[in-house]
Amino acid sequence: MLIGVSVICTCLLFSIMVLILYFSKKRVDNIENKIYSVLLVINIFGLILELLCCYFTYTNGRSTFDTMMCIFCNRIFILYLLTWLTAFIFYIFYTTFISGLKNKENINRYTKEFFIGFGILYAIMFILALVLPLYYYSDNNYVYSYGPATNLLVVFASIIVIFGVACVYKKRKTITRRQYLPLVVLICLLLIAVIIRSVNPGIILINSTFAFITVFMYHTIENPDFKIITELNRNKAIIEKNIQGSSNFMFNLTT
């Protein structure tokens, strides 16, 4: 338990540092950065929630309050994991599949289809996460939850990975490394986390994996220097104004 809590606290510390660094700077106002902002914020919420899960699972049974909080925190934590995975796959879908499209109608159509498809899937998983059995284990060394509700995450994560790989494969000739690298890292770390948990269920690394990927993505997001973009936009406005002025001048000379 001590090792798990230490890992969570370390991830939380690094995530907060990235959060401060990210929001303290001006950013390009695009969809990619907005999705990343959501991932960053909910991941910190998830790390705090995981600490609460560890504590109340450890104290489960000592009082009615502890038991109720154990059930509540663990259920909400599963919903958080579903939400993070959904936001992550939308990030991959947008950066690999949508961002390269030029036709606005196609962008709107594919985006709508994604939200409908994954909206329905997320709703089904959300309901199942609330109703499926969830069990708790606690001793002096380990605390964790297990059961059909947690197995649901494996199914959902598998769907996410398959869909992400399909997007990358479809656009493999046009995308860059930074666009598919987060998905590759997710797959590798999830495999390691699953193998470790199958050997020792007390070592839980899933959310720490999400935290690592969220911090890692900070170095892959497309976020050119804001000052340069501002300057380019200002120069563009000046040039357009001069062209318009010249056009008006030439029109006045010919009339």
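Are Y22 and Y36 buried or exposed? I looked this up before anything else in the predicted model. Both of these tyrosines are buried.

**Aromatic pairs**

I listed the ring pairs next and got 23 aromatic pairs. I took Y22 with Y36 as an example: the ring centres are 5.2 Å apart and the planes stand at 75 degrees, so I logged the pair as edge-to-face. The cut-off for that label is over 60 degrees. Y22 belongs to helix α1 (residues 2–23) and Y36 to helix α2 (residues 31–58), so this pair ties together parts that are 14 residues apart in sequence.

I then checked F118 and F163. This aromatic pair is also edge-to-face, with 5.0 Å from centre to centre and 70 degrees between the planes. F118 sits in helix α4 (residues 104–131) and F163 in helix α5 (residues 148–170), and the pair links distant parts of the chain, 45 residues apart. I looked up the accessibility of each partner. F118 has 9% relative accessibility and counts as buried, because the cut-off for buried is under 20%. F163 has 25% and counts as partly exposed.

**Charges over rings**

I noted two arginines here. R109 has its charged end over the ring of Y110, 4.4 Å from the ring centre. R172 has its charged end over the ring of Y169, at 4.1 Å from the centre.

**Nonpolar cores**

Which residues have the most contacts inside the largest nonpolar core? I found Y36, W84, F88, L186 and F210, in a core of 56 residues. The elements giving two or more residues to this core are α1, α2, α3 (64–98), α4, α5, α6 (177–199) and α7 (206–217). I recorded α3 as the source of the largest share, 20 residues.

I went through the contacts of W84, leaving aside neighbours within four places in sequence. W84 is in contact with L39, I42, N43, L186, F210, I213 and T214. I also logged a second, separate core of 8 residues, which includes C11, L12, I44 and V143.

**L186**

I came back to L186 from the contact list of W84. L186 lies in helix α6. I noted a relative accessible area of 0% for L186, so this leucine is buried. Not counting residues up to four places away in sequence, L186 touches W84, F88, F210 and I213. I looked up the separation of L186 and F88: the two are 98 residues apart in sequence, and their C-alpha atoms are 9.9 Å apart in space.

**Largest pocket**

What is the volume of the largest pocket? I read about 920 Å³. The lining has 44 residues, and those closest to the pocket centre are R197, I203, I204, L205 and I206. I listed the elements that give two or more residues to the lining: α1, α2, α3, β2 (143–146), α5, α6 and α7. Which element gives the most to this lining? I found α5, with 7 residues.

Note on methods. Residues numbered from 1 in each chain as written. Predicted model: local features only at pLDDT ≥ 70, side-chain atom pairs only at ≥ 80, totals over all residues. Heavy atoms only, no water. Phe/Tyr/Trp six-rings, centres within 6.5 Å; stacked < 30°, edge-to-face > 60°. Helix = DSSP H or I, 4+ residues; strand = E, 2+ residues; numbered from the N terminus. Buried < 20%, exposed > 50% of the residue type's maximum accessible area, 1.4 Å probe, protein only. Lys NZ or Arg CZ within 6 Å of the ring centre and 35° of its normal. Core = buried A, V, L, I, M, F, W, Y, C linked by side-chain atoms within 4.5 Å. Contact = heavy atoms within 4.5 Å. 1 Å grid on protein atoms, 1.4 Å probe; cavity = no way out; pocket = protein on both sides within 12 Å on 5 of 7 lines; lining within 4 Å. Points joined across faces, edges and corners; volume = space filled by probe spheres on them.
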